[in-house]
Amino acid sequence: MEKISGARSLMIALEKEGVEIAFGLPGGANLPIYDELYKSNIRHILVRHEQSASRMADGFGRVSRRPGVCFATSGPGATNIVTGIATAQADSAPMIAITGQVPSKMIGRDAFQESDIIGITNPIVKYAFQPMTPNEIPEVVKKAFYIASTGRPGPVLIDIPKDVQQNEAEVHFPTEVKIRGYHPWVDPDITQIERATEMLLSAERPIILAGGGVIISSAFAELQSIAELLMIPVVTTFKGKGSFPENHPLSLGPIGMHGHAEANKLMTEADCVLACGSRFSDRSVGTFEEFERNLKIIHMDVDPAEIGKNQTTNVAVVGDVKTSLRIMVKMLIQKAIKRNGESAWAKRVKETKDYYRENLKIHPHPLAASKVLKKLREVLPAQSIVTTEVGQHQMWASLFFDVIHPGTFFSSTGLGTMGWGFPAAIGAKAAKPDVPVLDIAGEGSFNMTENSLAVSVLEDIPVIVFLLNNFTLGMVAQWQRTFYDRRMIGVDLKNCPDYVKIAEAYGAQGIRATTLDEIGKAVQTAIKSNVATVIDIPIDPQEDVLPFVAPGTSLKDMILPS
Amino acid sequence: MWSIISVLVENKPGVLFKITNLFRSRNYNIDSISVGVTENPEVSRMTITTEADEKQLNQIIKQLDKLIDTLEVKLLDEKKSVYRELVMMKLKVSKPTDIKEITDLANAFKCDVHDVRKSSIIVEITATPDRINALTDLVKGYGILEMARTGICALARGYGDEG
């Protein structure tokens with residue numbers, strides 16, 4: 001058998017996993033890997049900061065449902081991807097992060113650019129490997145992809161000392177791997193699904209809570225069947241936004257801190273919830289004790305550790321959400337259960353939804369967020385992929401931007417990572433080049449990774465940055481206005497830089513849009529021209545995100561716009 | 001509620017760190033932990049004792065189980081398991097009669113004495129925490145100079161055998 005280097009075996013193993021694209025930035029400790037990347041068919045996307053490499057890999061992974069791959073060198077290169085790894089872990093996104101490490105003999109000697117990335121990332125990875133011989137690498141890669149993409153997906157780190165990249169060995173490539181302590185797929189218990197179905201059928205005021213697990217397992221059709229067969233309204237978590245078409249009559253939209261008023265209101269009135277692939281985060285449910293009061297909880301999740309973590313569950317169904325829902329649909333069809341929307345609850349749902357949709361006060365500004373985002377929805381094709389940054393614009397997107405095609409909306413919902421949306425959009429576009437990809441952004445977040453414009457332009461991965469620019473760290477400003485008696489500090493960004501000029505400096509298209517009409521046209525221009533575009537939209541810095549469930553309070557304490 | 005959890009894990013570097021880091025990052029409490037290789041050299045057994053309410057204990061077990069390097073996680077029933085801890089205490093010897101008294105106590109507790117000197121004596125006891133506490137209370141008066149504990153080590157009793 002021929003001897004090959006660790007770096008070569010890494011590249012072959014990645015190609016065997018079907019990797020066609022990887023995001024990264026080279027450095028001293030991963031140069032042998034890059035030298036093999038030079039010879040391989042894998043397309044390398046050079047980023048301007050490693051944090052963006054991990055976010056591009058994340059965006060790629062969420063959209064393609066295959067792990068996105070990113071490379072970073074040892075030390076600062078590795079620590080720069082830590083936030084990206086934590087983001088992927090919080091949102092269960094499949095990712096493979098491959099870092100260079102100082103040579104094995106130097107480990108522990110505080111060598112130049114040495115960091116204990118295995119130790120640093122321990123609580124935020126699904127698993128981490130540090131192969132110490134070249135012939136371990138193929139098995140490590142195979143296991144890493146298996147772990148990252150199965151069960152509840154997540155990030156896996158592979159940290160390879162430089163000498164292990166360079167040394168040569170006879171290498172064997174396994175076709176399958178077994179990990180005895182890892183059982184990602186559990187067949188759902190049929191009896192539990194029967195119990196869940198009975199509980200749902202006997203409820204007077206049932207509601208479905210769809211979480212990110214519905215999107216990860218593509219359980220859209222099954223979810224819709226159950227909702228329609230039983231005429232149950234659907235609320236989502238923020239991560240689950242777009243798991244159910246938001247123009248559907250049964251859709252109430254996201255619940256939570258900045259959930260839709262009708263969703264929060266009806267969630268508190270329900271007597272039974274079917275929660276699918278949701279972890280009951282504090283941002284979604286408010287206070288745990290209040291949420292579960294007078295509520296029967298059916299919880300379907302692939303991760304057994306989520307059952308009972310935040311809420312007390314009445315019926316738990318552990319297993320893939322799509323499989324569990326499919327079995328439930330079959331049971332309903334066998335029992336010939338099909339309900340019409342004539343119940344008192346259905347009427348209450350409709351009446352509540354209509355009331356809030358007609359009577360909530362809209363911010364009095366020509367470019368109020370609701371108007372701007374509704375305009376965007378009008379002109380953006382339904383199959384387009386939308387990402388967001390983190391802050392007010394993100395919550396406005398949650399409130400006012402309806403997702404029509406399931407699984408086309410992605411955001412850093414768990415960790416809340418500013419600067420995620422733009423590089424993630426580039427990763428998304430790399431995974432799905434045929435559809436428009438747009439990042440609903442705020443300028444505070446965009447500042448953090450705007451240098452990815454170079455990547456979008458030079459690598460010809462054109463995405464649109466839809467910049468709701470209020471010259472402020474808006475969400476922090478809102479909290480200072482609301483909870484700190486308007487003592488504003490550390491929030492004023494003073495309209496710097498000029499984002500049209502920034503775009504142009506990178507060779508991208510910059511458009512300033514100051515009316516709804518201009519906004520519509522700018523989006524159409526961006527889609528048609530197919531070049532990276534920043535649309536700078538000056539909005540009102542005084543606009544708050546409302547409704548608002550203040551932290552530490554319950555959904556019924558929702559503050560409405562007045 | 002004091003509980004004993006028995007965990008079989010992959011016997012490889014970094015696993016102990018993952019287990020203890022899980023307890024730290026999720027704000028669980030480790031009362032004691034003992035680790036050693038099993039009859040299978042690829043597998044280690046960790047015996048962890050913890051103070052947690054039922055809900056938290058449930059989570060601890062699930063989160064431990066979720067770790068890829070854990071092979072089996074069991075909550076041990078105190079009544080259906082054998083559990084012991086080894087403790088060594090270096091006691092102060094103030095007057096010659098102390099040695100005799102301490103040795104008598106050790107005999108009563110069926111434990112050993114080592115390193116008998118003019119000014120100190122080491123007592124070694126392997127027992128349940130209750131018995132260890134009882135002995136500790138009795139010898140406190142002499143002055144405990146140093147103490148070392150292994151943490152609880154436990155095995156479930158045999159199937160169908162209520163002995």
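Modeller: Start with A:Val549, which has 23 C-beta neighbours inside 10 Å. Keep in mind that this is a predicted model.

Colleague: What makes A:Val549 count as buried?
Modeller: The cut-off is 20 or more other C-beta atoms within 10 Å. A:Val549 has 23, so the residue counts as buried.

Colleague: Where is A:Val549 placed, and which residues is it in contact with?
Modeller: A:Val549 lies in the segment after strand 20 (533–538) of chain A. Beyond four places in sequence, its contacts are A:Gly256, A:Met257, A:Asn264, A:Gly286, A:Leu555, A:Asp557 and A:Met558. A:Ile440 is 109 residues away along the chain, and the two C-alpha atoms are separated by 22 Å.

Colleague: Is A:Gln51 buried or exposed, and how do you know?
Modeller: A:Gln51 has 26 other C-beta atoms within 10 Å, so it is buried. The residue is found in helix 3 (residues 50–64) of chain A. Outside four places in sequence, A:Gln51 touches A:Asn80, A:Ile81, A:Thr83, A:Gly84 and A:Thr449. A:Ala532 is 481 residues apart from A:Gln51 along the chain, with 20 Å between their C-alpha atoms.

Colleague: Why does the radius of gyration of chain A agree with a compact globule?
Modeller: For 562 residues, the rule gives a radius near 24 Å. Chain A has 24 Å, so the two agree. The C-alpha trace spans about 75 × 60 × 45 Å along its principal axes. Of the 562 residues in chain A, 56% are buried. Chain A has 24 helices and 20 strands. Among its contacts between residues at least 6 apart in sequence, 76% join residues at least 24 apart.

Colleague: What makes a set of residues a nonpolar core?
Modeller: Its members are buried, of the listed nonpolar kinds, and joined through C-beta atoms within 7 Å. The largest such core has 167 residues. A:Cys70, A:Cys276 and A:Ile535 have the most contacts inside it.

Colleague: Why are strand 2 and strand 4 of chain B said to stand at the edges?
Modeller: Look at the order first: an open sheet of 4 strands, 2-3-1-4, with antiparallel pairing. Strand 2 (32–37) and strand 4 (70–76) each have a single partner strand, so one side of each is left without a neighbour in the sheet. From one strand to the next, the twist averages 15 degrees.

Colleague: How do you know that strand 1 and strand 4 of chain B pair?
Modeller: Pairing needs at least two bridges. Strand 1 (residues 2–10) and strand 4 are joined by 6, and they run antiparallel. B:Val7 stands opposite B:Val73 in strand 4.

Colleague: Which helix lies across strand 1, strand 3 and strand 4 of chain B?
Modeller: Helix 2 (residues 54–66) of chain B. The helix runs at about 160 degrees to strand 4.

Colleague: Last, how many residues does the contact take from chain A and from chain B?
Modeller: Chain A gives 12 residues and chain B gives 15. The chain A side divides into 7 nonpolar, 3 polar and 2 charged.

Note on methods:
Residues numbered from 1 in each chain as written. Chains lettered and ligands numbered in written order. Predicted model: local features only at pLDDT ≥ 70, side-chain atom pairs only at ≥ 80, totals over all residues. Helix = DSSP H or I, 4+ residues; strand = E, 2+ residues; numbered from the N terminus. Axes fitted to C-alpha atoms, helices over the stretch in contact; angles between N-to-C directions. Contact = placed C-beta atoms within 7 Å. Nonpolar A, V, L, I, M, F, W, Y, C, P; charged D, E, K, R; others polar. Buried ≥ 20, exposed ≤ 12 C-beta atoms within 10 Å, placed from the backbone. Rg over C-alpha atoms; globule rule 2.2 N^0.38 Å.
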